[in-house]
Amino acid sequence: MSKKYKYGFIGAGNMGSSMISGLLESGLAEKKDITFVTAHEDSAKNIEERFGIERSKDAASLSKESNVIILAVKPGQLSDILPDIRESLDAGSIVVSVAAGKSISEIDNALLSMEVAGKLKVARAMPNTPAAVGEAMSAVCFNDRFSDEEKKEVLSIFRSFGVAEEVDEGLMDTVTGLSGSSPAFIYMLIEAMADEAVRHGMKRDKAYTFAAQAVKGSAEMVLKTKKHPGELKDQVTSPGGTTIEGVRALEEKGFRKAIMEGIDAAIRRSLEMSQN
Ligand SMILES: NC(=O)c1ccc[n+]([C@@H]2O[C@H](COP(=O)([O-])OP(=O)(O)OC[C@H]3O[C@@H](n4cnc5c(N)ncnc54)[C@H](OP(=O)(O)O)[C@@H]3O)[C@@H](O)[C@H]2O)c1
């Protein structure tokens with residue numbers, strides 16, 4: 001299905017290169033199907049060497065040569081890029097932005113030209129940093145000009161390096177808190193778990209492995225068994241045992257409330273930032 005698409009990356013930093021890697025490793029695209037541009041010569045050389053893909057002369061040429069144009073620059077850099085590519089797009093172009101906090105309508109309006117008026121397909125996505133190891137959680141939303149097949153195509157880009165789901169654009173700030181920011185919270189959890197194990201005598205590198213694998217395995221249990229997390233928790237807590245003691249201690253310290261507050265704070269900050 002995807003072989004007819006040519007992907008053009010404007011920006012190939014952390015996120016862009018994770019996406020390129022996913023496309024190539026999953027076989028969704030071949031090297032010849034992907035071009036890119038970056039701001040600096042040395043980073044462009046690195047990408048060429050790392051992936052064996054060709055760079056385009058500039059963003060405008062890339063947009064002409066590609067039918068899926070991926071905007072993987074920092075949100076503040078978009079305003080420089082969009083005017084450069086506006087006249088190179090046609091009604092068949094699909095523009096996919098991963099810039100946090102930039103709405104579909106902002107991008108659509110900035111790209112408005114005679115050629116694409118009322119036709120341009122713009123998707124917005126929020127992946128997260130585990131994209132770097134092929135384990136991203138990405139949310140994708142679309143304007144109303146996509147066919148089902150085109151939506152599938154865009155989702156398949158994000159599924160090449162993790163899990164991806166379509167969401168309403170109104171939920172993008174929630175996604176930012178839930179899966180965008182939460183890897184940092186999980187790293188804090190892993191670090192705290194390991195710190196305590198170190199305090200009890202375990203070597204630090206081993207403690208990180210134990211803690212991280214416990215988090216990973218528990219997440220897999222939720223995803224694979226589809227059981228309610230509370231039911232899975234109940235299965236671990238035998239009467240009078242060790243785990244229920246830990247659960248009680250965590251409840252006393254407001255563990256769940258702390259997590260909810262952290263997610264809420266991130267969602268609120270995302271809302272604030274997207275309104276500016
Ligand atoms: N990192 C994440 O986990 C994550 C998660 C969700 C969303 N995002 C979104 O992904 C986007 C990129 O983030 P990132 O972390 O990948 O940033 P990054 O590592 O700084 O990469 C930015 C890329 O944009 C290029 N660039 C900058 N100005 C350009 C220009 N005028 N023309 C062409 N290329 C240009 C840079 O080139 P040089 O390297 O040559 O400067 C670099 O390749 C952001 O909008 C961010 O909100 C990232």
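**Exercise 1.** Describe how domain 1 and domain 2 are placed and how they meet.

*Solution.* The centres of domain 1 and domain 2, taken over C-alpha atoms, are 33 Å apart. This is a predicted model, in which local features need pLDDT of at least 70 and side-chain atom pairs count only at pLDDT 80 or more, while totals for chains, interfaces and linings use all residues. Residues are numbered from 1 along each chain as its sequence is written, and side-chain values use heavy atoms, with hydrogens and water left out.

Step 1: find the bounds. Domain 1 covers 2–167 and domain 2 covers 175–275, as given by an automatic or database domain assignment.

Step 2: count the touching residues. Eight residues of domain 1 contact seven residues of domain 2 (contact means heavy atoms within 4.5 Å).

Step 3: take the area. About 530 Å² is buried between domain 1 and domain 2, 65% of it on carbon and sulfur atoms (buried area is the accessible area, with a 1.4 Å probe, that two parts lose on being put together, summed over both). On the side of domain 1, Gly 101, Met 126 and Asn 128 lose the most area to domain 2, together 52% of what that side buries.

**Exercise 2.** Which residues are closest to the ligand, and how much of the ligand does the protein bury?

*Solution.* Step 1: list the surroundings. The ligand is surrounded by 23 residues, with Ala 12, Met 15, His 40, Ser 43 and Val 73 the closest (near means that a heavy atom of the residue lies within 4 Å).

Step 2: look at the oxygen atoms of the ligand. An N or O atom in the side chain of Ser 43 is 2.4 Å from a ligand oxygen atom. A backbone N or O atom of Gly 13 lies 3.1 Å from an oxygen atom of the ligand.

Step 3: work out the cover. The ligand taken alone exposes 900 Å², and the protein buries 80% of that (accessible areas come from the Shrake-Rupley method with a 1.4 Å probe).

Definitions and conventions: Polar contact = N/O pair within 3.5 Å; in protein donor to acceptor, adjacent residues only side chain to side chain.
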